[in-house]
Amino acid sequence: MIEYQSPVYKIKAVPVEKIVTNHYNPNIVAPPEMKLLELSIWEDGYTMPCVCYYLPAEDQYELVDGYHRYLVLKNSSRIYEREKGLLPVAVIEKDIANRMASTIRHNRARGTHSVELMSNIVAELTKAGMSDSWILKNIGMDKDELLRLKQISGLAELFADKDFSVSDEA
C-alpha cells in the first residue's frame, strides 16, 4: 500500500502563462481586499500555493483554488518580476465534480460567496448527476441552503427527482 502524501509536499513553480482559470469559481474579492492581497504577497511572498489540476492534453494547469493569488501575479508587474512569472502550485488529481467541490470547500473555509454563482455551481453539479446528499456533504451546506440555491437558479430540472405538493392552505 502506497502511503498518502499531501500535494503541498510537491509544490511546483509553474509559469503563469500555463495556468488557466476554471469556469465555476463563485468566489469574489472586493477591490480593497485585492489591494490588500497584493500588498500581502509583496510583503510576505507567496505563503500558500495555488491548487491546480493538470490538463495533460493542453499542457496547462487549471485553477481549483487560488484565483486571486494568480490574478495578483498576472496583474502586478512588481510581483511578476520578483517571482519571475512563476506561481507556486500544488497539483491534485480529481474529476471535475470533485474539483468543483474542492473549490467550494477552500472558499467557504475562508469567506463568503456570490449567491448567483453558488446557485450556478449547484445547478451544474445537479445536472452532472450529483445527488443532494453528495452536494451537502462535499460542499458543506445544509438542506435549506441547497433548496434556496436551487430555487434561485429557477431550473425546474433541479427538482425533477423530488415530490412536491401544494398545501391545503394555498
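**Salt bridges and surface of the chain**

Student: Is E62 buried or exposed?
Tutor: In this predicted model, E62 is buried, since its relative accessible area is 11%, and buried means under 20%.

Student: Which side chain does E62 meet in a salt bridge?
Tutor: The partner is R99, with an N to O distance of 3.3 Å. R99 belongs to helix α4 (residues 96–110) and E62 to strand β4, so the pair ties together parts that are 37 residues apart in sequence. R99 is buried as well, with a relative accessible area of 7%.

Student: And which side chain meets D65 in a salt bridge?
Tutor: That is R69, at 3.0 Å from N to O; D65 is buried at a relative accessible area of 1%, and R69 is buried at 11%.

Student: How many salt bridges does a search of the whole structure find?
Tutor: The search finds six, and one of them joins the side chains of K18 and D59 at 2.6 Å, N to O. K18 sits in the loop between β1 and β2 (19–20), while D59 sits in the loop between β3 (50–55) and β4 (60–65), so this pair ties together parts that are 41 residues apart in sequence. K18 is partly exposed at 29%, and D59 is partly exposed at 33%.

Student: Changing topic, which residues make the nonpolar surface patch?
Tutor: V8, Y9 and I11 make a patch of about 320 Å²; I11 lies in the segment before β1 (12–15) and counts as partly exposed, with 39% relative accessibility.

Student: How many helices and strands are in the protein chain?
Tutor: The chain has seven helices and five strands, and 41% of its 170 residues count as buried.

Terms used: Residues are numbered from 1 along each chain as its sequence is written. This is a predicted model: local features need pLDDT of at least 70, side-chain atom pairs count only at pLDDT 80 or more; totals for chains, interfaces and linings use all residues. Side-chain values use heavy atoms; hydrogens and water are left out. Patches are made of residues with over 30% relative accessible area and no salt bridge: like charges are joined within 9 Å, nonpolar side chains (Val, Leu, Ile, Met, Phe, Trp, Tyr) within 5 Å. Accessible areas come from the Shrake-Rupley method with a 1.4 Å probe; for residues, only the protein chains shown count as cover. A salt bridge is a side-chain nitrogen of Lys or Arg within 4 Å of a carboxyl oxygen of Asp or Glu. Helices (H or I, at least four residues) and strands (E, at least two) are DSSP runs, numbered from the N terminus. Buried means under 20% relative accessible area, exposed over 50%, partly exposed in between (1.4 Å probe, protein chains only).
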